[in-house]
Amino acid sequence: MAPPETAGYQFNHTMIRVKDAKESIAFYTDVIGMEVISEYHNNDAKFSLYFLAFDHSDGKDSKEAKDSGRMRREGVLELTHNHGTESDSEFKGYANGNQDPGRGFGRCTYGWICAALRLIRPSLLQREGHIAISVDNIEAACERFERLGVRFQKRLTDGKMKNIAFILDPDGYWIEVVPKNFT
C-alpha cells in the first residue's frame, strides 16, 4: 500500500526531445489524435515546449481551460524542441532509448560488473523505452496507420504477441499500440 501522504499524487507527463516541432506536432495530432493543450516558448534560451493530450471534454473545454488544467491531468506528452535542430544538417537526432547510442537512456557504469554482464547476460544491458496508447480497435488503428504511411517497428502479424503493435514517430521513438481490452 502506498504511503498516505502520496494519496493525491498522479503521473502528469513525460517529455521527449524532438528535432522538428512542426513535423512531430503534426504526427501526434493528425496520426495519434492528441491535441496541443499548452505551449511555452523561450526565445532567449532557444527552446519551446509543447504539451499534448487527448481531449476528454468532447470539445467543451476552452483553450484557456486546457492550458490552466495541464498540471491537474494525467497522460500528457511534452515535446521539447531546441530551436535550429530542424534545419541543422549536422544534427543526428536524439537517442530514442532503443538503439545505440543511448539504448535504455542510460549506460552501465560499474566496470567489472558491466564486463561480466556483457559476457554472461548481455540482454540485461539492453533496456528499451517507449510510450503507449490504447485504442478501441487495434486492427482498425493499425490499418489506418498503414494507410497514413506510419513506420512500424512491430506489426500485429510480427512475433508471438499478435495483440500489440509498435509504431515509430518522426524521431524514431517507439509507440506501443494496445487494445483497451488488453489482458
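**View 1. Is K46 buried or exposed?** K46 is exposed, with a relative accessible area of 53% (exposed means over 50%, buried under 20% and partly exposed in between, with a 1.4 Å probe and protein chains only). The model is a predicted one, in which local features need pLDDT of at least 70 and side-chain atom pairs count only at pLDDT 80 or more, whereas totals for chains, interfaces and linings use all residues. Residues are numbered from 1 along each chain as its sequence is written, and side-chain values use heavy atoms, with hydrogens and water left out. K46 is located in the loop between β2 (35–42) and β3 (strands are DSSP runs of E of at least two residues, and helices are runs of H or I of at least four, both numbered from the N terminus). Although K46 is not a glycine, its phi is positive, at about 65°. Most residues other than glycine have a negative phi.

**View 2. The loop that holds D58.** This loop runs between β3 and α2 (63–68). D58 also has a positive phi, here of about 55°, and it is not a glycine. The residue is exposed, and its relative accessible area is 70%.

**View 3. The chain as a whole.** Four helices and eight strands make up the secondary structure elements of the chain. Along the sequence, these elements follow the pattern β-α-β-β-α-β-α-β-α-β-β-β. The chain has 183 residues, and 37% of them count as buried. Among contacts (heavy atoms within 4.5 Å) with a separation of 6 or more, 57% join residues 24 or more positions apart.

**View 4. The largest nonpolar core.** This core contains 27 residues (a nonpolar core is a set of buried Ala, Val, Leu, Ile, Met, Phe, Trp, Tyr and Cys residues joined through side-chain atoms within 4.5 Å). The members that touch the most other members are F27, Y28, I32, L79, F145, I167 and V177. At least two residues of this core come from each of β1 (13–18), α1, β3 (47–53), β4, β5, α4, β7 (165–168) and β8 (174–179). The largest share, five residues, is supplied by α1.

**View 5. F145 and its partners.** Leaving out residues up to four places away in sequence, F145 touches V31, I32, I133, V150, F152, I167 and V177. I32, I167 and V177 are listed with F145 among the core members that touch the most other members.

**View 6. The largest pocket.** About 600 Å³ of space lies in this pocket (a pocket is an open set of points on a 1 Å grid over the protein atoms alone, where a 1.4 Å probe fits, with protein on both sides within 12 Å along at least five of seven lines; lining residues have an atom within 4 Å of a point). The volume is the space filled by probe spheres set on the points, which are joined across faces, edges and corners. The lining holds 26 residues, and M34, F54, A132, I133 and S134 lie nearest the centre. α1 (21–31), β4 (76–82), β5 (131–135) and α4 (138–147) each contribute at least two lining residues. The largest share of the lining, five residues, belongs to β5.

**View 7. R155 in the loop between β6 (151–154) and β7**. R155 is partly exposed, with a relative accessible area of 32%. Apart from residues up to four places away in sequence, R155 touches E146, I164 and A165. From C-alpha to C-alpha, R155 and I167 are 8.0 Å apart in space, and they are twelve residues apart in sequence.

**View 8. R73 in the loop between α2 and β4**. When neighbours within four places in sequence are set aside, R73 is in contact with Q10, F11, N12, I37, A53, F54 and H56. A53 and R73 are 20 residues apart in sequence, with 9.2 Å between their C-alpha atoms.
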